[in-house]
Amino acid sequence: MTQTMAEGLVDTGHGGLIAQDWNALTFRVNREAYRSAEVFQAERERIWGHSWLYLGHETEIPKKNDYKVRTIGGKPLIFVRGGDGVVRAFLNSCPHRGTVVCRDEQGNARNFQCFYHAWTFNSSGKLSALPGDDAYAELERFKGSMDLRPVAKLDIHEGFVFISYDPDVPPLLEHLGDAADILSMAAEQSAAGMSTLPGIQRYGVKGNWKLAVENAMDGYHFSPTHNTFVGYLRETGFAVTDDDQYAYDLGNGHSMLVLTGHNGRLGMLWEPRFGEEEKERTKANREAMAQRLGQERADTIGDASRILFVWPNLLFFDLEALTIRQLEPVAPGRTDVRAWQYVPTDEDDEARAMRLKTMTSFVGPGGLATPDDIEAYEAVQRGIEASKGDTRGFNDWSDMSRGMEREAKGEKGRSIDEGAMRSFWRHWDQSLGAVPGVAATSYEGPTA
Ligand code: FES
Ligand code: FE
């Protein structure tokens, strides 16, 4: 790593790809962080190989033997509820010679049979049958040692299933820290429980996974990027404001935007977009929630919308509707996204229809907002090629200094500041450390 910092500009001391200066109040990210194959590989090993990762929600596999196949941190997995009702995750790779065992996306199966030599495993991962005349003797020989390999760790918080490939990872609740209660606030929104709807939105983005995190934690872009949507909101009676919208660093790489000026939230606040009937329904919902959870908790849950990022691959949108979004890096400039609707299990048809309409009109890939966001992070990925290898110092650094003055004074960060991004990048920098072979262009430009 060769890194020359102008006087006063302080490298955070880890990988040299982040430069922050508390005197000049500048925070910059070297663009190699988004496009370098070495950085991507180091992330795979040091971040995705060691952190807790969001796998899915247990209501995605409600019945015994239900399964889903999905790739997390580059590893193909089978997410399955065994015949004993226990939720597990196995590497989707045959212990015999490595073949992908389950090639269907989802289903219900008591057994998984590898197509190559027909080794068979039950839904709890145990090797249960082998082909051929000597199958019985072979089975005895391999019993216990040739089962499907489980991930190193799996734990569940409020139905949200997390895994880790590191057997020594700290306990899940320790990792989640303050983010655990935010997920609980979503899980508590219905007395009957919350669940994911069976449908899934999947799309690929031609951008680095960190751009998707930045974008979700970036209130700054809302008005310029989503001007069509903002216009629609204004026309339909919404107040569009950046006031009363705050950003929080939740520690351990997690962050959150809290939007208290937001209105029109399903089951919480329906005004002013919705009619009298909906307002009555909202009132009843809130009263029932207060009775169940206490007034203070019900107000905390209901009075604000939240966008939560749980390090490193879960975005949780508790907005007009509740959306779980999972990020899966595929290459430096490629990310796969999966999204589910998270709903009260006992919701009536009318509310469900409104929820789906609200969701598809906003955060879905065909909605009024998400396509703008995707275009933004794809445009960044294309644009940063321009300064690649630029030796004129500061050209190859992205700036995220907005609101740093407020941060330096210890004031509450606003959603239009770039503070939630800075806390993300600081944690990234700390988790990643130096990457051999990646040299940031020396920073020689102005520091303010
Ligand atoms: Fe799966 Fe041989 S590789 S049975
Ligand atoms: Fe956006």
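**Exercise 1. Find the two domains and say which strand of domain 1 gives the most to the side that touches domain 2.**

Step 1: The chain splits into domain 1 (53-164) and domain 2 (180-386), with bounds taken from an automatic or database domain assignment. Before going on, note that this is a predicted model, where local features need pLDDT of at least 70, side-chain atom pairs count only at pLDDT 80 or more, and totals for chains, interfaces and linings use all residues. Residues are numbered from 1 along each chain as its sequence is written, while chains are lettered from A and ligands numbered from 1 in the order in which they are written.

Step 2: The C-alpha centres of the two domains lie 32 Å apart.

Step 3: Now look at the contact (C-beta atoms, placed from the backbone, within 7 Å). It takes 11 residues from domain 1 and 13 residues from domain 2.

Step 4: On the domain 1 side, β4 and β5 (66-72) each supply at least two residues. β4 gives the most, with three residues.

**Exercise 2. Work out which residues of α2 are buried and what they pack against.**

Step 1: Call a residue buried if 20 or more other C-beta atoms (placed from the backbone) lie within 10 Å of its own, exposed if 12 or fewer, and partly exposed in between. In α2 (residues 37-48), V39, F40, A42, E43, I47 and W48 are buried.

Step 2: Looking down the axis, these fall within an arc of 165 degrees, so they line one face of the helix; the arc uses the directions from the helix axis to the C-beta atoms. A37 and E45, on the other side, are exposed.

Step 3: The buried residues of α2 pack against α1 (32-35), β4 (53-57), β20 (322-331) and α14 (419-432).

Methods
Helix = DSSP H or I, 4+ residues; strand = E, 2+ residues; numbered from the N terminus. Contact = placed C-beta atoms within 7 Å.
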